[in-house]
Amino acid sequence: MTALVGMTAGQSFDLLAPVNLFGPRVKGQGPQDLPVNRTASQAGVRGLIHDPAWRLRVSGPAGALELSRKDLERMPQTEAVLPIACVEGWSTTAHWRGVRLAALLELAGIRRDRAVRLDSLQPRGAYRTTTMPPHYAWDTLTLVALELNGETLDADHGFPCRIIAPGRPGVLQTKWLHAISEEPA
Ligand SMILES: Nc1nc2c(c(=O)[nH]1)N[C@H]1C(S)=C(S)[C@@H](COP(=O)(O)O)O[C@H]1N2
Ligand SMILES: [Mo]
């Protein structure tokens, strides 16, 4: 009898293990209640995101700005409830807080009819750069997010800051943002 109980317990433990392995891809899991598609380590940015010399470079016809995370925190903050919808088959809504992308575009004099280029710290890979059409870039809910669900953005969700915009596929919600510029016409 004792042996049988022991076996049953061991078996159920083994059955749970593969579930935990896939945990990060299950809705509602991952840091800050949001799944992660690619972690900071997988993207090769672990050693870059906490560099005190990190600045967000914003450049346009009016000039170039270099903003630290503290600089961004001191700007007016906007909150938005927006989903990340990944083609891998999950969509999770979260609470975001950060600086309006439009405010940064204005500071650099980026023109309202130009697409905006967004570059990640990520050294290589398909998602390191995106181009955002003006309609999305100037949307008042499009943020350079600093916080997710009430906390400082987790490393795996894009610390020091990331893009979150309404109505865009997950692949274009650039994490570990490093530079914002005006696309050439
Ligand atoms: N730099 C960078 N940004 C990225 C990605 C990436 O691999 N690298 N993945 C994208 C994809 S496919 C999705 S679905 C979302 C996922 O964001 P999350 O991991 O914070 O949930 O980030 C997007 N932003
Ligand atoms: Mo995705």
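Asp33 sits out in the open: its relative accessible area is 54%, so it counts as exposed (exposed means over 50%, buried under 20% and partly exposed in between, with a 1.4 Å probe and protein chains only). This is a predicted model, in which local features need pLDDT of at least 70 and side-chain atom pairs count only at pLDDT 80 or more, while totals for chains, interfaces and linings use all residues. Residues are numbered from 1 along each chain as its sequence is written, chains are lettered from A and ligands numbered from 1 in the order in which they are written, and side-chain values use heavy atoms, leaving out hydrogens and water.

Asp33 belongs to the loop between helix H1 (2-21) and helix H2 (40-43) (helices, H or I of at least four residues, and strands, E of at least two, are DSSP runs numbered from the N terminus). Its phi is near 60°, a positive value in a residue other than glycine. Trp176 also has a positive phi, about 55°, without being a glycine. This residue is in the loop between E9 and E10, and at 1% relative accessibility Trp176 is buried. Another backbone feature is the cis peptide bond from Phe159 to Pro160, with omega near 10°; Pro160 is in the loop between strand E8 (151-152) and E9.

Thr174 is found in the loop between strand E9 (162-164) and strand E10 (177-182). With 2% relative accessibility, Thr174 is buried. Leaving aside residues up to four places away in sequence, the contacts of Thr174 include Ser120, Tyr127, Arg128 and Ile163 (a contact means heavy atoms within 4.5 Å).

Ligand 1 has 19 residues around it, the closest being Pro35, Arg38, Gln122, His157 and Lys175 (a residue is near a molecule or strand if one of its heavy atoms lies within 4 Å of it). As for individual atom pairs, an N or O atom in the side chain of Arg38 is 2.4 Å from an oxygen atom of ligand 1. Asn37 places a polar side-chain atom 3.1 Å from a nitrogen atom of ligand 1, and for Ser120 the distance from such an atom to a nitrogen atom of the ligand is 3.2 Å.

Taken as a whole, the protein chain has five helices and ten strands. Of its 185 residues, 41% are buried. Among contacts with a separation of 6 or more, 64% are between residues 24 or more positions apart.

Terms used:
A polar contact is a pair of N or O atoms within 3.5 Å; within protein, one must be able to donate a hydrogen and the other to accept it, and residues adjacent in sequence count only if both atoms are side-chain atoms.
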